[in-house]
Amino acid sequence: MRVLIETNVSMSDSGTLCQHDCQTARYAGLAGLKNGDLLTAAESAKFDVFLTVDQGIEYQQNLTDRNIAIIIFRTKSNRLKDLLPHVPACLVHIESIQPGQIVRIEG
């Protein structure tokens with residue numbers, strides 16, 4: 001799976017999702033794009049999943065007919081120490097998530 005990681009998510013440099021093709025929005029050349037524009041650009045770049053901590057994205061974006069899925073981390077912070085305990089759940093969801101689907105990982 002190709003996974004786009006929001007620039008604000010500290011997981012990008014940790015190697016925790018190393019079995020997938022992961023890139024931050026910045027590394028993928030998508031830094032500065034917001035919400036719908038970011039999702040459209042990510043789809044054009046053939047990303048399958050977008051990882052974010054943006055709690056509002058699911059209410060701001062209609063994923064009907066989208067070719068990308070979103071995983072939202074609802075954790076104490078976007079720091080690696082708060083995200084790491086949720087990596088196993090994230091990996092399970094990455095394997096089964098479908099385009100247009102939103103999954104929330106609570107923490």
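Good morning. The protein exposes about 5700 Å², and carbon and sulfur atoms supply 47% of that area; accessible areas here come from the Shrake-Rupley method with a 1.4 Å probe, and for residues only the protein chains shown count as cover.

Please note that this is a predicted model, in which local features need pLDDT of at least 70 and side-chain atom pairs count only at pLDDT 80 or more, while totals for chains, interfaces and linings use all residues. Residues are numbered from 1 along each chain as its sequence is written, and side-chain values use heavy atoms, with hydrogens and water left out.

Let us turn to the fold. The protein contains four helices and five strands, where helices (H or I, at least four residues) and strands (E, at least two) are DSSP runs numbered from the N terminus. Along the sequence, their order is β-β-α-β-α-β-α-α-β. The radius of gyration is 12 Å, close to the 13 Å that the globule rule gives for 107 residues, so the protein is as compact as a globular protein of that length. This radius is taken over C-alpha atoms, and the globule rule is 2.2 Å times the number of residues to the power 0.38. Along the principal axes, the C-alpha atoms fill a box of roughly 30 × 25 × 25 Å.

How much of the protein is buried? Buried residues make up 46% of the 107 residues; buried means under 20% relative accessible area, exposed over 50%, and partly exposed in between (1.4 Å probe, protein chains only). Among contacts (heavy atoms within 4.5 Å) between residues at least 6 apart in sequence, 56% join residues at least 24 apart.

I shall now present two residues. Arginine 104 lies in strand E5, residues 102-106, and is partly exposed, with a relative accessible area of 38%. Leaving aside residues up to four places away in sequence, arginine 104 touches Glu58, Ile72 and Arg74. With the side chain of glutamate 58, the side chain of arginine 104 makes a polar contact at 2.7 Å. A polar contact is a pair of N or O atoms within 3.5 Å; within protein, one must be able to donate a hydrogen and the other to accept it, and residues adjacent in sequence count only if both atoms are side-chain atoms.

The second residue is glutamate 43, in helix H1, residues 35-44. Is glutamate 43 buried or exposed? Glutamate 43 is buried, with a relative accessible area of 17%. Again not counting residues up to four places away in sequence, glutamate 43 touches Arg66, Asn67 and Ile68.

Thank you.
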